[in-house]
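Morning, everyone. I have one structure to walk through today. Please take a look at it on the screen.

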Amino acid sequence: MLDVTDLVLEDHATVRRQFALLDDCHDDPRALAVVWKGLARMLDVHAACEEEVFYPSLLRVGDSGDDDSTEGDAVDETDDAIGDHNKIRDAVAEARRHEAGTDDWWEAVRRAREENDDHLAEEEHDALPDFRRNASDALRAELALRWLDWRYAHDSGAGITYDKDPEEYIAEHTP
Ligand SMILES: [Fe+2]
Ligand SMILES: [Fe+2]
């Protein structure tokens, strides 16, 4: 069955692997530049795709956090995610301003990696489980199709909207 949560986790595995690839070629600036080019784009495209396809649905079907009967709080999870995405995007943008392999580049890449590691862990512990508890199989499949469709159109990184205000985003997407 098509399932958007599988597609999110596949991206997470790819991103972790690509950060590890930077370690494998840490003393080769040309290789670092090539690997980073793909990884930086993936980080931007993945976050934007989640904001386009995943989080609006989490806000609709996720736990309300209103009472003790629900484990999660979709608004908090979304607020954390958009804030984290902005921090990752800022570090990625900073790294793009420097030549691969320089101290300034490594500093920005390390910041992107730390922010990303923290964010993926939160998403996998909070947002994705909330969605799995509450979304129907039909919705998971429908979002998988929308995810793939959006990615085919935006994999180049073109046409992506960057920093978003978490509160405005939540207000815009809350039913
Ligand atoms: Fe993610
Ligand atoms: Fe995310």
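Is Glu50 buried or exposed? Glu50 is buried, at 1% relative accessibility. Buried means under 20% relative accessible area, with a 1.4 Å probe and protein chains only.

A word on the ground rules. This is a predicted model, where local features need pLDDT of at least 70, side-chain atom pairs count only at pLDDT 80 or more, and totals for chains, interfaces and linings use all residues. Residues are numbered from 1 along each chain as its sequence is written, chains are lettered from A and ligands numbered from 1 in written order, and side-chain values use heavy atoms, without hydrogens or water.

Now the metal. Glu50 (OE), His85 (NE2), His119 (NE2) and Glu123 (OE) coordinate the iron ion (ligand 2), at 2.0 to 2.1 Å. Donors here are N, O and S atoms within 2.8 Å of the metal (3.2 Å for Na, K and Ca); water is not among the atoms, so sites may look incomplete. Along the chain, the donors of the iron ion (ligand 2) are spaced E-x34-H-x33-H-x3-E.

Glu50 also bridges the iron ion (ligand 2) and the iron ion (ligand 1), which lie 3.2 Å apart. Glu50 sits in helix H2 (residues 29-61) and His119 in helix H4 (residues 103-134), so the pair ties together parts 69 residues apart in sequence. Helices are DSSP runs (H or I, at least four residues), numbered from the N terminus. His119 is buried too, at 3% relative accessibility.

Last stop: Asn86, in helix H3 (residues 74-96). Asn86 is buried, with a relative accessible area of 13%. The Asn86 side chain reaches the backbone oxygen of Lys164 at 2.7 Å.

Notes
Helix = DSSP H or I, 4+ residues; strand = E, 2+ residues; numbered from the N terminus. Buried < 20%, exposed > 50% of the residue type's maximum accessible area, 1.4 Å probe, protein only. Polar contact = N/O pair within 3.5 Å; in protein donor to acceptor, adjacent residues only side chain to side chain.
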